[in-house]
Structure formats: C-alpha cells, structure tokens
Amino acid sequence: MRVLLLHGPNLNILGKRKPEVYGHTTMKQTNDMVRARAEVLDCELVVFQSNHEGDLVDHLHRYLGECDGVVINPGALTHYGISLREALEAITVPVVEVHLSNIHAREEWRRLSVISPVTIGQVIGFGPHGYIAALELLLAYLADAQRVERG
Ligand code: DQA
C-alpha cells in the first residue's frame, strides 16, 4: 500500500505555532512517528507539506493512479480550498482528514470543512496521535474494501 501524508499551510512551523492550541510536537517529529507506524504496518508513506494550494494539487496529480489512499491535514485550506477538494475528489482513493485541534470547539468559521464531503472520515482534536489513528483507520478501510472485491 502507498499512502500520501499531506500537510497544508503553516503546519511546517508546528511546535512554534500557537503551542497552546497545536502542541509542542514539530512537523518532523510528527512525520517520524507516522513513518515508524507505517513501516510496522508495511505501508509506503509519501510525505509532503506545502504552504501553497497549487503545490498540493500538483502533488496529488503526480500520484493519480499511483497511490492507495491519502491522509491530509489541509490547515486553513480546510475552510476554503476548493481546488484542493477537487484534486482530492479527482484522485478517487479514500481520503482521511486530520485536525490537531478540535475545529468544532473553536471559532465559528472553522466549523465548515469544504474538504470533508470528499473524505471517508475525519480524526479531529487528538494532536499528532490523530495522524497515526488516521493511517490505521485508512489501512483498515482499504483492507475491508479488498476483502469485498475478492468476494
Ligand atoms: C488545523 C485547523 C485549521 O483551522 C487551521 O487553519 C490549521 C490547523 C488543525 O490541525 O487543527 O492550520 O487544521
């Protein structure tokens, strides 16, 4: 299985950015943690972060037909990133959305995710542990889908 782990704007400065909301774990520590879990689960993880929506879209295009699923924290693009949403829809593999913070317990405008309708589900509010849960849930979903296909 090949899974893309994508991070949107401002997530590269995790650890320094509002630690009272997003915690002290850095992006590198987060990625290392998820990579270690992916290795145990025999999954190839392709990690990418960008502060630019178009770069995330280009990255998804690069993996059209070349990956089995996506775990993404879209950052602020969650709330308005229509071209990112459409790229996630175009890639036609299961997508899990992750948020470090509980977006429903914060400002009103954070409650709307334009990404959620094209995902199989969300893991919200568990800090960096959410990425590991999302990877495990995605792989379980893919294993179920394979079983159904095989009959
Ligand atoms: C976030 C929540 C978003 O509202 C915010 O813009 C982020 C981080 C989260 O992980 O909690 O950049 O996606």
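Contact, as used in this report, means heavy atoms within 4.5 Å. Leaving aside neighbours within four places in sequence, Asn73 is in contact with Leu6, His7, Gly8, Leu11, Val98, His99, Leu100 and Tyr131. The structure is a predicted model, in which local features need pLDDT of at least 70 and side-chain atom pairs count only at pLDDT 80 or more, while totals for chains, interfaces and linings use all residues. Residues are numbered from 1 along each chain as its sequence is written, and side-chain values use heavy atoms, with hydrogens and water left out.

Asn73 belongs to strand E3 (residues 69-73); helices (H or I, at least four residues) and strands (E, at least two) are DSSP runs, numbered from the N terminus. Asn73 is buried, with a relative accessible area of 2%. Here buried means under 20% relative accessible area, exposed means over 50%, and partly exposed lies in between (1.4 Å probe, protein chains only). A polar atom of the Asn73 side chain lies 3.0 Å from the backbone nitrogen of Gly75. Arg37 stands 36 residues from Asn73 along the chain, and 18 Å separate their C-alpha atoms.

Which residues surround the ligand? They are Arg17, Tyr22, Asn73, Gly75, Ala76, His79, His99, Leu100, Ser101, Ile103 and Arg110. A residue is near a molecule if one of its heavy atoms lies within 4 Å of it.

The protein covers 99% of the 320 Å² of accessible area that the ligand has on its own. Accessible areas come from the Shrake-Rupley method with a 1.4 Å probe, and for residues only the protein chains shown count as cover.

Arg110, one of the residues around the ligand, is found in the loop between strand E4 (95-99) and strand E5 (121-124). Is Arg110 buried or exposed? Arg110 is buried, at a relative accessible area of 14%. The side chains of Arg110 and Glu107 are joined by a polar contact of 2.6 Å. A polar contact is a pair of N or O atoms within 3.5 Å; within protein, one must be able to donate a hydrogen and the other to accept it, and residues adjacent in sequence count only if both atoms are side-chain atoms. When residues up to four places away in sequence are not counted, Arg110 touches Tyr22, His79 and Ile103.

## Nonpolar cores

A nonpolar core is a set of buried Ala, Val, Leu, Ile, Met, Phe, Trp, Tyr and Cys residues joined through side-chain atoms within 4.5 Å. The largest such core has 22 residues, of which Val3, Val34, Leu45, Val71, Tyr131 and Leu135 touch the most other members. Two or more residues of this core come from each of strand E1 (2-7), helix H2 (27-40), E4 and helix H5 (129-150). H5 gives the largest share, seven residues.

Outside the four places on either side in sequence, Val3 touches Cys43, Glu44, Leu45, Val46, Gly69, Val71, Leu135, Leu138 and Leu139. A second, separate core of 20 residues includes Val57, Tyr63, Cys67 and Ile72.

Helix H5 also holds Ala143, which counts as partly exposed at 27% relative accessibility. Ala143 and Arg2 are 141 residues apart in sequence, and their C-alpha atoms are 13 Å apart in space.

## Cysteines

How many disulfides does a search of the whole structure find? The search finds zero, a disulfide being a pair of cysteine sulfur atoms within 2.5 Å. The sulfur of Cys43 has its closest cysteine sulfur in Cys67, 10 Å away, and therefore too far for a bond. Cys43 is buried at 8% relative accessibility, and Cys67 is buried at 7%.

## Positive phi values in loops

Asn10 lies in the loop between E1 and helix H1 (19-22). The phi of Asn10 is near 70°, a positive value in a residue other than glycine. Asn10 counts as partly exposed, with 36% relative accessibility.

Asp42 is placed in the loop between H2 and strand E2 (44-49). Although Asp42 is not a glycine, it has a positive phi of about 60°. At 68% relative accessibility, Asp42 counts as exposed.
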